[in-house]
Amino acid sequence: MPFIHHRVSAYLVPEEMFTQCTFNMPAVRYRDATYFPLQGGEAWVFAYGVIIFWGAEDVERTLLLQQLNLSGALLNTEHQEHFHFEITEGGLKIQHDMIHLGDSEPLLRLSISHAIAQSLKLNEYEQQAQTTISQYAYLPRALAQTGKINLSRSALAKIRGHLFSTKSDIFLHYGLLDTPEFFWEYPEYEYAYSAAARYLDISSRVGLLSNKLDVIHELFEMLADDLNHKHSSFLEWIIILLIAFEIATFGAEELKAIFM
């Protein structure tokens, strides 16, 4: 395929926008990736909300987004990555954001696109984790200084649910640690995915993100245990007071019966 230029551009599609995406045009499906041929390049759309263009002009990108019922504003999204590529003799090599392809096979580009798409999706989760850390960084300090926190049980439950949802998406839904199922059918291209994943440092980034989420989760588990203990103590005092009231009432009735 003749490319208009040699640039690779990847864009993250927000989940709420991607659910409205429509595929009413010729395309080829490879498991969780869909291939769209363009006049001066190609596009790969991944099921978890990432679009990667190889050698397509801005006009073609915008047109494809419109055909997919997506906004052209995605080209200005915060989460995007760009590389250059060239087709040269020899094996695959990736360095300094330049992808040297050994041949012009579309499936070779798809294999590399899998790693780029995972990396871009991972960027989103890294930012979410950092935002959560920054948002609740005051809690350990407050706990150390005052011995208490100003969060209700329901607020803590919501935060813990959000953290679990994020980690579930990473490790269960999107499988950022797993080799894509595409390579079950095309194992001869897995080397290209592995090379790109190593270059993008996906495995160690996922591990670091997991550790961050674990630390945050442990903090909220500790806070939840503390609140549960306080709630249990409160209930115990209520029970004690009710028993004391019952005893006092019974004693008063007994005394009343004696003196009457």
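Colleague: How many residues does the protein have, and what share of them count as buried?

Modeller: Of the protein's 260 residues, 40% count as buried. Buried means under 20% relative accessible area, exposed means over 50%, and partly exposed lies in between (1.4 Å probe, protein chains only). This is a predicted model, in which local features need pLDDT of at least 70, side-chain atom pairs count only at pLDDT 80 or more, and totals for chains, interfaces and linings use all residues. Residues are numbered from 1 along each chain as its sequence is written, and side-chain values use heavy atoms, with hydrogens and water left out.

Colleague: How many helices and strands are there in the protein?

Modeller: Helices (H or I, at least four residues) and strands (E, at least two) are DSSP runs, numbered from the N terminus. The protein has 8 helices and 8 strands.

Colleague: How many residues of strand 4 are buried?

Modeller: Strand 4, residues 41–46, is mostly covered, with 6 of its 6 residues buried. Gly41, Ala43 and Val45 point one way from the strand, while Glu42, Trp44 and Phe46 point the other way.

Colleague: Which strands are joined to strand 4 by bridges?

Modeller: Two strands pair if DSSP finds at least two bridges between them. Strand 3 (residues 33–38) runs antiparallel to strand 4 and is joined to it by 6 bridges; Ala33 stands opposite Phe46. These two strands form a hairpin with 2 residues between them. Strand 5 (residues 50–54) is also antiparallel to strand 4, with 5 bridges joining them, and Trp44 stands opposite Ile52. The hairpin of strand 4 and strand 5 has 3 residues between the strands, and Gly49 takes a positive phi near 95° there.

Colleague: Why do the buried residues of helix 7 line one face?

Modeller: In helix 7 (residues 190–199), the buried residues are Ala192, Tyr193, Ala196 and Ala197. Seen down the helix axis, they fall within an arc of 130°, so they line one face of helix 7. The arc is that of the directions from the helix axis to the C-beta atoms. Just after helix 7, Asp201 takes a positive phi of about 60°.

Colleague: Is Ile243, in helix 8, buried, partly exposed or exposed?

Modeller: Ile243 lies in helix 8, residues 202–259. Its relative accessibility is 45%, so Ile243 counts as partly exposed.

Colleague: What share of the contacts with a separation of 6 or more comes from residues 24 or more positions apart?

Modeller: Contact means heavy atoms within 4.5 Å. Residues 24 or more positions apart account for 69% of the contacts with a separation of 6 or more.
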